[in-house]
Amino acid sequence: MSSRPKVLLARRIFPDIVARLAEHFELEEPLDDQPLPQPELIRRLAGKAGLFATGTELIDQTLLAACPELRAVCLMTVGHNNVDLAACSAHGVRVTNAPDVLTETTADFGFALMLAAARRITEAEHYLRAGRWGQWTVDLLAGADVHGTTLGVLGMGRIGQAIARRGALGFGMQVIYHNRSRLDAELEAPLGAQWVAQDELLRRADHLIIVLPYTPAAHHLIGARELALMKPSATLTHLARGGVVDDAALAEALAAGRLAAAGLDVFEGEPAVNPALLALSNVVLTPHIASASVPTRRAMCNLAVDNLIALLSGAEPLTPLNLGKT
């Protein structure tokens, strides 16, 4: 009998990283790449000490009570709103995530999404592919400038700061931001970044990017009232988590011309997307792929493996989210 810890791999990942896991653990691989409903996840976690997890597995009191041998849940994602950290701590289960390794890749994508929305790139491609391009006109698919405008960042963590850096230093944008707490002056100064109240951020931003984590308190943080504060010429780019923005209210604002355009990588109830958003031409829609470069996704997976190896060998993990039993 193997004396190696038993680990469940929840979703398919790169084959060479699966092989790395198998060097250290008695590994159960996924049968397919579908998210596991919680009853099936509980069944497959029976007798397992570790779980290599993504953002699709629900780790709560019900699962923890049913899986007493579980000691480590290691996420390859930054977001962890699918994990009840307090319940994990109470059950002595350590949890880790994968911050930092995806910061720059996600910031690249966020800026690209903002540019695509502002300059109507998706709309222009659909127009051309549909054979509608007959001749040049002075206002053909004219959009908004990004350089020299005001960038509003809601959530000035690692990714927010990386986006702000691109705007300020690459596009000459004035950076304003809102965070629960103001950044230290030495972080603000190189960007000329200014902390403002949330309503002021919404009123002043020419291009708003949302990158704050989801919590129950952040649910529909941007709704009809908040959208009404924004300039009709403004764009909104959403990289955070579904539920931070009220998708139905956003669709109404875009359809009514109260907001010029939006770029969305996350949605309420994803992978379902509000049909009202799908019907609009002034919104760029992508399927939660902001961190999806091959080097970054590999780094995320490898960090989760590093954390599993550490925790199940009695060492401290690299990126802990909790301290274990309280």
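Glu-200 and Arg-204 form a salt bridge through their side chains, at 2.8 Å from N to O; the term stands for a side-chain nitrogen of Lys or Arg within 4 Å of a carboxyl oxygen of Asp or Glu. Both residues belong to helix H9 (residues 198–204), where they are 4 residues apart, about one turn of the helix. Helices here are DSSP runs of H or I with at least four residues, strands are runs of E with at least two, and both are numbered from the N terminus.

Let me state the basis of these values. This is a predicted model, in which local features need pLDDT of at least 70 and side-chain atom pairs count only at pLDDT 80 or more, while totals for chains, interfaces and linings use all residues. Residues are numbered from 1 along each chain as its sequence is written, and side-chain values use heavy atoms, with hydrogens and water left out.

Glu-200 is partly exposed at 32% relative accessibility, and Arg-204 is also partly exposed, at 25%. In these terms, buried means under 20% relative accessible area, exposed means over 50%, and partly exposed lies in between (1.4 Å probe, protein chains only).

A further salt bridge joins the side chains of Asp-206 and Lys-231, again with an N to O value of 2.8 Å. This pair links distant parts of the chain, 25 residues apart: Asp-206 is in the loop between H9 and S9, and Lys-231 is in the loop between helix H10 (224–229) and S10. Asp-206 is buried at 18%, whereas Lys-231 is partly exposed at 27%. Salt bridges with shared partners also join Glu-104, Asp-108, Arg-165 and Arg-166 into one network.

What do Glu-316 and Arg-94 form with their side chains? They meet in a salt bridge, at 3.2 Å from N to O. Glu-316 lies in the segment after helix H13 (294–311) and Arg-94 in strand S5 (residues 94–96), so this contact ties together parts that are 222 residues apart in sequence. Glu-316 is exposed, with 55% relative accessibility, but Arg-94 is buried at 12%. The count comes to 18 salt bridges.

I turn to the sheet. Its 7 strands run in the order S8-S7-S6-S9-S10-S11-S12, and this open sheet has parallel pairing; two strands count as paired if DSSP finds at least two bridges between them. The edges are strand S8 (194–195) and S12, each of which pairs on one side only. Within the sheet, strand S9 (residues 207–210) pairs with strand S10 (residues 235–238) over 4 bridges, and Leu-208 has Leu-236 as its bridge partner in S10.

Finally, the spaces. On a 1 Å grid over the protein atoms alone, a cavity is a set of points where a 1.4 Å probe fits but cannot get out, a pocket is an open set with protein on both sides within 12 Å along at least five of seven lines, and lining residues have an atom within 4 Å of a point. The structure has 1 cavity of 30 Å³ or more. Its lining includes Arg-120, Thr-122, Glu-123 and Val-283. Helix H5 (103–118), helix H6 (121–129) and strand S12 (283–285) each give two or more residues to that lining.

The second largest pocket has a volume of about 200 Å³. Among its 14 lining residues, those closest to its centre are Thr-122, Glu-123, His-126, Leu-280 and Ser-281. H6 supplies the largest share of this lining, 4 residues.

Definitions and conventions
Grid points are joined across faces, edges and corners, and a volume is the space filled by probe spheres set on the points.
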